[in-house]
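Biologist: I have not looked at this one before. Can you walk me through a few of its local features?

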Amino acid sequence: MTDRPIDYKAVFQALPGMVSLLTPELVFADVNEEFLRATGRRREELIGRYLFDVFPDNPNDPAATGMRNLAASLRRVLDTGERDAMALQRYDVQDTERPEEWQVRYWSPVNAPVLGPGGKVALLVHRVEEVTELMRARGGPRGSRARVLEAELYTRARELQELNDRLRRAHAREREVALALQEAMLPTSRQSLHHRAAVRYRPAIGALNVCGDWYDLVDLVGGRGVGVSVGDVVGHGLGAACVMGQLRSALSAASRVAEGPAQALDVLGRYAHVVDGAESATAVSAFIDLHHGTITYSSAGHPPPMLVHADGRVECLDKATDPPLDASPSPIPRPQATTTFSEGATLALYTDGLVERRREDVDKGLARLADSLARHRKDDPEKLADAVLAELLPPGGATDDTALVIVRL
């Protein structure tokens, strides 16, 4: 490995194929020599100009869709921050010497983001392979079977593009419904502890950006303190979110009037028995008495909460663990336990997506969480929550939904 600095401008110019850089406004920021050669344009005709002012659709072809398809692909990259490969496109190019004439051209484009420091798309990489000669070579004499196959290939590519567009629109609609449903079912900020609590959601990779996990903070009846809970429904997406909403609402109502968290989970377990999709769901509930400095908790098959004391000692609240909700056809009273805390302590409740990894003992994940909480215990809840997620979740995202609640006591 050489210690000499790499000339990335030279690397860009040497990249195989046609490559251009576009701003988020779709203005040319740079192009390589191959892009200039293949399009027959000079740099001064491109740099600083809007993409579709330079390369509009062929006005003589009423069926032209190249510009529309490319614009849609670039918008997807801007919206999602993800690479987008397009189907084979016919996108004619205006002849620079005879502007009234248009050259029939075929392209295979790929668009990718360049992310800035804040994670937003700063530039777009538009890479194109021209396949016009290949299409012509396969065509042969007009009327030949090869020409028919060429037309069939192009038709199928256009159909694939249209199908992908329909699927993306359907996915976007389902995502909007899921997000609206989840937002409606999560609690408001009217609880007495909301100003000292931070909550984070991270959906599983490939999910609809909606979790089957839930959290709840409720003020207990009679000034007895605050109830905090998290739960986890098996599965992802819209179906899991619907079950999540039913269980969260039931536990929220039960917690307000129950004598303790164990009784609240008893009620929830009986309710889960009649909810389709609630099988093997887990939950943990903690009642916080700020006046007496106590936390009473109970768990239905859920990972244990972590209590970080002001001196950095981490206490795993695992003394009252029972099977998941609806695990028994005849529920029996669940256990509960009580611990104490002093001012400045931090309580963390979470779902298993934060600590579980394939082919790894869960104790390692719990140890990572305890270490992270202890090191960042002096941060405010919002910063603490961000630090924990940054240190425990894989860079590319987790394969399970994750919810995290941080409460400063």
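Biologist: Which residue does Arg 76 form a salt bridge with?
Modeller: Arg 76 pairs with Asp 84, and their closest N and O atoms are 3.2 Å apart. Keep in mind that this is a predicted model.

Biologist: Are those two buried or exposed?
Modeller: Arg 76 and Asp 84 are both buried.

Biologist: How many salt bridges does the structure hold?
Modeller: There are 17 salt bridges in the structure. Another one joins Arg 98 to Asp 95, with 3.3 Å between the closest N and O atoms.

Biologist: And how covered are the partners there?
Modeller: Asp 95 counts as buried because its relative accessibility is 11%, under the 20% cut-off. Arg 98 is partly exposed, at 37% relative accessible area.

Biologist: What about Arg 375, which side chain does it meet in a salt bridge?
Modeller: Arg 375 meets Glu 391, at 2.6 Å from N to O. That pair links distant parts of the chain, with Arg 375 in helix H10 (residues 362–375) and Glu 391 in helix H11 (residues 381–392), 16 residues apart. Arg 375 is partly exposed, with a relative accessible area of 48%, and Glu 391 is partly exposed too, at 35%.

Biologist: Which residues do salt bridges with shared partners join into one network?
Modeller: Asp 95, Arg 98 and Glu 101 are joined that way.

Biologist: Now a charged residue without a partner. Which side chain of opposite charge is nearest to Asp 232?
Modeller: That is Arg 357, which is 11 Å away. Asp 232 is buried and has no salt bridge, because a salt bridge needs the nitrogen and oxygen within 4 Å.

Biologist: Where does Asp 232 lie, and what is it in contact with?
Modeller: Asp 232 lies in strand E11, which covers residues 226–232. Beyond its neighbours within four places in sequence, its contacts include Asp 213, Trp 214, His 302, Asp 352 and Asp 400.

Biologist: Which residues do ring pairs link into a cluster?
Modeller: Phe 28, Phe 35 and Phe 55 are linked in this way.

Biologist: Backbone next. What is phi of Leu 26?
Modeller: Phi of Leu 26 is near 65°, a positive value in a residue other than glycine. Leu 26 sits in the loop between strand E1 (18–22) and strand E2 (28–31). Its relative accessible area is 10%, so Leu 26 is buried.

Biologist: And what about phi of Ser 280?
Modeller: Ser 280 has a positive phi as well, near 70°. The residue lies in the loop between helix H9 (261–272) and strand E12 (282–289). Ser 280 counts as partly exposed, at 49% relative accessibility.

Biologist: Last one, the surface. Which residues make the nonpolar patch of about 380 Å²?
Modeller: Ile 6, Tyr 8, Val 11 and Leu 15 make that patch. Val 11 is in helix H1, residues 8–14. Val 11 is partly exposed, with a relative accessible area of 39%.

Terms used: Residues numbered from 1 in each chain as written. Predicted model: local features only at pLDDT ≥ 70, side-chain atom pairs only at ≥ 80, totals over all residues. Heavy atoms only, no water. Helix = DSSP H or I, 4+ residues; strand = E, 2+ residues; numbered from the N terminus. Buried < 20%, exposed > 50% of the residue type's maximum accessible area, 1.4 Å probe, protein only. Lys, Arg positive; Asp, Glu negative; His and termini not counted. Contact = heavy atoms within 4.5 Å. Phe/Tyr/Trp six-rings, centres within 6.5 Å; stacked < 30°, edge-to-face > 60°. Patch = residues over 30% accessible without salt bridge, like charges linked within 9 Å, V, L, I, M, F, W, Y side chains within 5 Å. Areas by Shrake-Rupley, 256 points an atom, 1.4 Å probe, with all protein chains shown as cover.
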